[in-house]
Amino acid sequence: MTGKELGAGGQLRFGYGTNGFANHRLPDALAVIADLGYAGVALTLDHDHLDPFAPDLARQVAEVADRLRDLELAVVIETGARYLLDPWRKHAPTLLHDDRYLRLQFLRRAVAIGADLGAEAVSFWAGVRPSEVDERLAWERLVDGCGQMVEVAAGAGVPLGFEPEPGMLVEDIAGWRALRAALGDPAGFGITLDIGHCRCLEPDPVPDCVAAVADHLVNVQIDDMRRGEHEHLEFGTGEIDFPPVLGALADAGYHGLVAVELPRHSHAAPSVATRSIEFLRRAERAAGIPRRPAETAGAARGRPARAVRA
């Protein structure tokens, strides 16, 4: 299943990443996101937001599933928690490390949680190559690990979205294509495209990047960024012209979530999330993309979206 098979024709579905609500309890974060009119969440599994290693995980997953259903929020699963697996090493171990078994265990749990929540995709990335691991071995480990996850996800019926990440072993669309080819072009191995990353390092204009991967797009993260600087910025503070980007997503027939990715803005999450949805709606109108009959999901549920003062 790709993002083309979700949602309604010609309309975009905006979401917000819970890693931008790190200071909120997860139920509270979901409520704020829903009240602002977002259609879904990109849920980062972490120690404070649905810990995949919690002893009462089944109960927590059931509660989150109920919460998502009550709030009418779609969900994708993100696996970029910084210190979930190792309190000393950010993002470690990855699929490239000697002790990568813990990353594989985590990703298997992420797929299982995704299946239980009805997630539209589970997103993951390669990781930075450890200095003690040569490039050939790192690539072999990545292909092997991704191959294992393709089998796991296929069995669970959950699409995988592999994210090219600046500075990692696979950092761009070309690298994702090479990895997919090495795996034998499996149907369930899609791409998570971060719009900011496209501006940061891809050689082509951002709308062209969207069109280039449209057939394999299962998850979209959206943020502003500047050329050559991997820093997730609020909309309007970077260099991206967003109406053509949203137009490219609509033209591509993408109907998965387009989730705001601002992991360093938790200190002002409600205000940032408010500004973000307002900006995206303006950009959507400028692109000539129709909205649902109700302007916000909150209004569709019978309660108005809240205005949050900066």
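1. A word on the basis. This is a predicted model, in which local features need pLDDT of at least 70, side-chain atom pairs count only at pLDDT 80 or more, and totals for chains, interfaces and linings use all residues. Residues are numbered from 1 along each chain as its sequence is written, and side-chain values use heavy atoms, with hydrogens and water left out.

2. Overall build. You will find ten helices and ten strands in the protein (DSSP runs: H or I of at least four residues for helices, E of at least two for strands, numbered from the N terminus). The radius of gyration is 18 Å, close to the 19 Å from the globule rule for 310 residues, so the protein is as compact as a globular protein of that length (C-alpha atoms; the rule is 2.2 Å times the number of residues to the power 0.38).

3. Burial. Of the 310 residues, 57% count as buried (under 20% relative accessible area, 1.4 Å probe, protein chains only).

4. Strand β7. Have a look at residues 217-222: six of the six residues of β7 are buried. Strand β6 (residues 189-194) runs parallel to β7, joined by four bridges, while three bridges join β7 to the parallel strand β10 (residues 257-260). Strands pair if DSSP finds at least two bridges between them.

5. Gln221. This β7 residue stands opposite Asp194, and Gln221 also stands opposite Ala259 in β10.

Key: Buried < 20%, exposed > 50% of the residue type's maximum accessible area, 1.4 Å probe, protein only.
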